Structure formats: structure tokens, C-alpha cells
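Below is a short briefing on one protein model. The sequence and structure come ahead of the notes.

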Amino acid sequence: APSAAKLSTAAVIGLLIVASWVRPVMIHVHKQSETAHLDEAFFVILALLVPPALTILTFALATGSAQVLRRRTLVKSLFNSGQVLTSTALALLAFGSLGGASPSPSYPALGAAALAGAVYFTVNSLAMAGVLAATGTGFRRGLFEGLGVRMLLSGGGVAVALPTALVAWGHPWLTPIAVTPLVVLRVVLAGHFEARQDRERVHGLFEATLEANRSMGHDDVVDAILHSA
């Protein structure tokens, strides 16, 4: 049976998964918007610190609880849970195949965890692209649109998760504090994406204003700009 330290680690990460799903990061790409989570980061921490079965159980309970809290329909809840558990299972398989399972974190284990996080991201992205293709968006467009932004979020999360796992392994009682950088990363990236969206909105308003004022005389436009300045 898992030790108390491993169970407490799983509980802390599980709560973070629930919070991430209840209040996801909103990513805006062109006229589309989608939600993003730090699941890859949470997976890396769990894969390095707790047994595979406990990792799957943590994701299952956390994802299911988040669906209930957000009052998702049964079909959407089953799809989201199935997507997360499939990604988790395949990533754990990759983690074990790469020799990541070891009594203590090491450089090979950290590398295996990072690659397993990439597997999680890939499986999750393919699943979402498949859903968008079924709705008529197109598989290629659904896969590559916004890919850079999602990779930034995922890669940043994994980069922070690796040292977080090392701290939590050496001092399990510091786990609630060790995950603070992940929380800060989430807040910073959310603000970054919101700022990008605000910039696009301002640019759109500027273009609309120019179009609306094309019928005005040149002197009127200059006077209005100088008055505002």
C-alpha cells in the first residue's frame, strides 16, 4: 500500500488538478477560444513520486470531481474523463518503457518523465483534433491551430514540475509549498494570454474606427486624433 507521504502528495496534486479544471486557462486563437490545463505538469510530478495505479486513480477522481463541480453533461463528462485517463495511461506506459520507474528521481527518470509528459500532450492534442474534425473544423486545423500557445503552457508546466518533484521527493512535507511555482506559472500565463486577447480587441476596434471614419474629411480625422491626444 502507498505510504502516507505518497498519499498526501497525490491528494495535493489532485486538488490542483480539480482547481485547474474548474478554472482553466482561456486561450484565444484568432476568433476561436479553448481551455487549457496544466495536466502535463501534474502528471510529471505524480509519475515521479507515486505508483502508477495511484497516478491513474488521482486523475480519475480529480477529473470526475471537476466535471461534477462544473455541472457538465454526462456525455461531455465521460469524454473528458476518458480523454484524461487514456492520455495518463499511455504516458505512464511510455514512462515505464523509458526506464522512468526508479526508487528515487534521477537524471534518466527526469528525462523519462519529460518525454512521458510530451506523450500526454500529444495524445490529448490528437483527441481534441479528432473532436474538432468530427464537428467539421478539420483535423489538421484542429491540431495545429493554437499549437504553439498550448506547447508554451505545457512545456513551461513540465519545466517547473521537474524541480518541484525533486523538492517534494526529498521533503514530502514541503509539497504544498513546492507546488507554489506551478500556481504562479498558471497565474502569469493566464495574464499573458488575457493581455494578448486585449491587444487583439484593441487592434480590432482601431481597424473598425478607421473604417468608420473613412467617409469623414481628412481635417476632421486629424482634429479628432489631436483632441484625443
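Predicted model: local features only at pLDDT ≥ 70, side-chain atom pairs only at ≥ 80, totals over all residues.

**Fold and contacts**

Residues are numbered from 1 along each chain as its sequence is written, and side-chain values use heavy atoms, with hydrogens and water left out.

**Secondary structure**
- The protein has 10 helices and 2 strands, taken as DSSP runs (helices H or I, at least four residues; strands E, at least two) numbered from the N terminus.
- Along the sequence the pattern is α-β-β-α-α-α-α-α-α-α-α-α.

**Burial**
- Of the 229 residues, 37% are buried (under 20% relative accessible area, 1.4 Å probe, protein chains only).

**Helix H1**
- Helix H1 covers residues 4-22, 19 residues in total.
- From first C-alpha to last, H1 reaches 27 Å, close to the 27 Å expected at 1.5 Å a residue (1.5 Å times one less than the number of residues).
- The buried residues of H1 are Thr9, Ala10, Ile13, Gly14, Leu16, Ile17, Val18, Ser20 and Trp21.
- An α-helix has 3.6 residues a turn, so residues three or four places apart point the same way.

**Surface**
- The accessible surface is about 12,900 Å² (Shrake-Rupley method, 1.4 Å probe).
- Carbon and sulfur atoms hold 68% of that surface.

Definitions and conventions. Buried < 20%, exposed > 50% of the residue type's maximum accessible area, 1.4 Å probe, protein only.
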